[in-house]
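Here is a short briefing on helix packing and ring contacts. Keep the structure open while reading.

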Amino acid sequence: MKYAYPALISWSEEDKVYYVTFPDIEGCFTDGASLPEAIENAGDVLNLMLWTMEHEGEAIPKASAMGEVKKMKDTDIVTLVAADTVAYQKVIDRENNPIKYAREKAGLNIKKLAELLGAPYRTVQDWNAGRRMPPEWVQRLIIEKIESVQ
């Protein structure tokens, strides 16, 4: 799903960071040392919060209009931050199981990957299910091998 929520960005002179809060989503906040970093982090945290809410079956709150967000200081910024939880799912998949992600992206089934690597089918099946994984350096080699056949 695609969403857009207003965010309140405040500079803290004391902490030397920009704090970002989402008034419509409880517990959704982040910060950044620069304004671009704060905005980037805001997109990350908003995607994570909404993705989690969707997967836990929680109600997604309605976004307020930007004009409804109250600034605490004149220097505060109110802006919209977009989130796409379908695209974010791909990020989660890539980070949680990079071999499965690379295999699916290459259009290989488990049997074809096992043949490509000369690995036992059951081992590749376990990697795909996330039951066990090879060391990270081996994962990188496997992914390079998968990408070389695309």
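**Helix packing and aromatic contacts**

In α3, the residues P98, I99, A102, R103 and A106 meet Q139, I142, I143 and I146 of α6. By class, this α3 contact with α6 has seven nonpolar, one polar and one charged residues. The model is predicted.

**α3 against α6**

- The axes of α3 and α6 are 10 Å apart, and the two helices pack at an angle of about 0°.
- Angles under 35 degrees count as roughly parallel, so α3 is roughly parallel to α6.
- Helix α3 spans residues 98-106 and includes A102.
- A102 is one of the α3 residues that meet α6.
- A102 counts as buried because its relative accessibility is 5%, and buried means under 20%.
- From A102 to E144, the C-alpha to C-alpha distance is 9.1 Å, although the two are 42 residues apart in sequence.

**α4 against α6**

- Helix α4 covers residues 110-117, and helix α6 covers residues 136-148.
- The two pack at an angle of about 105°, and their axes lie 11 Å apart.
- Angles of 65 to 115 degrees count as roughly perpendicular, so α4 and α6 are roughly perpendicular to each other.
- On the α4 side, L113, L116 and L117 make the contact. They meet I142, K145 and I146 in α6.
- Sorted by class, the α4 contact with α6 has five nonpolar, no polar and one charged residues.
- I142 and I146 of α6 meet α4. I142 and I146 also meet α3.

**Aromatic rings**

- A pair of aromatic rings is described by how far apart the centres are and by the angle of the planes.
- The structure holds three aromatic pairs.
- One of them is W51 with Y88: the ring centres are 6.4 Å apart and the planes stand at 65°, so this pair is edge-to-face.
- The W51 and Y88 pair links distant parts of the chain, 37 residues apart.
- W51 sits in helix α1 (residues 35-55), and Y88 sits in helix α2 (residues 85-96).

**A charge over a ring**

- R94 lies over the face of Y101.
- The distance from R94 to the ring centre of Y101 is 6.0 Å.

Note on methods:
Residues are numbered from 1 along each chain as its sequence is written. This is a predicted model: local features need pLDDT of at least 70, side-chain atom pairs count only at pLDDT 80 or more; totals for chains, interfaces and linings use all residues. Side-chain values use heavy atoms; hydrogens and water are left out. Axes are lines fitted to C-alpha atoms, for helices over the stretch in contact, and angles run from 0 to 180 degrees between N-to-C directions. Helices (H or I, at least four residues) and strands (E, at least two) are DSSP runs, numbered from the N terminus. Angles under 35 degrees count as roughly parallel, over 145 as roughly antiparallel, 65 to 115 as roughly perpendicular and the rest as oblique. Contact means heavy atoms within 4.5 Å. Ala, Val, Leu, Ile, Met, Phe, Trp, Tyr, Cys and Pro count as nonpolar, Asp, Glu, Lys and Arg as charged, and the others, Gly among them, as polar. Buried means under 20% relative accessible area, exposed over 50%, partly exposed in between (1.4 Å probe, protein chains only). Rings of Phe, Tyr and Trp (its six-membered ring) pair if their centres lie within 6.5 Å; planes under 30 degrees apart count as stacked, over 60 as edge-to-face and the rest as tilted. A charge sits over a ring if NZ of Lys or CZ of Arg is within 6 Å of the ring centre and within 35 degrees of the ring normal.
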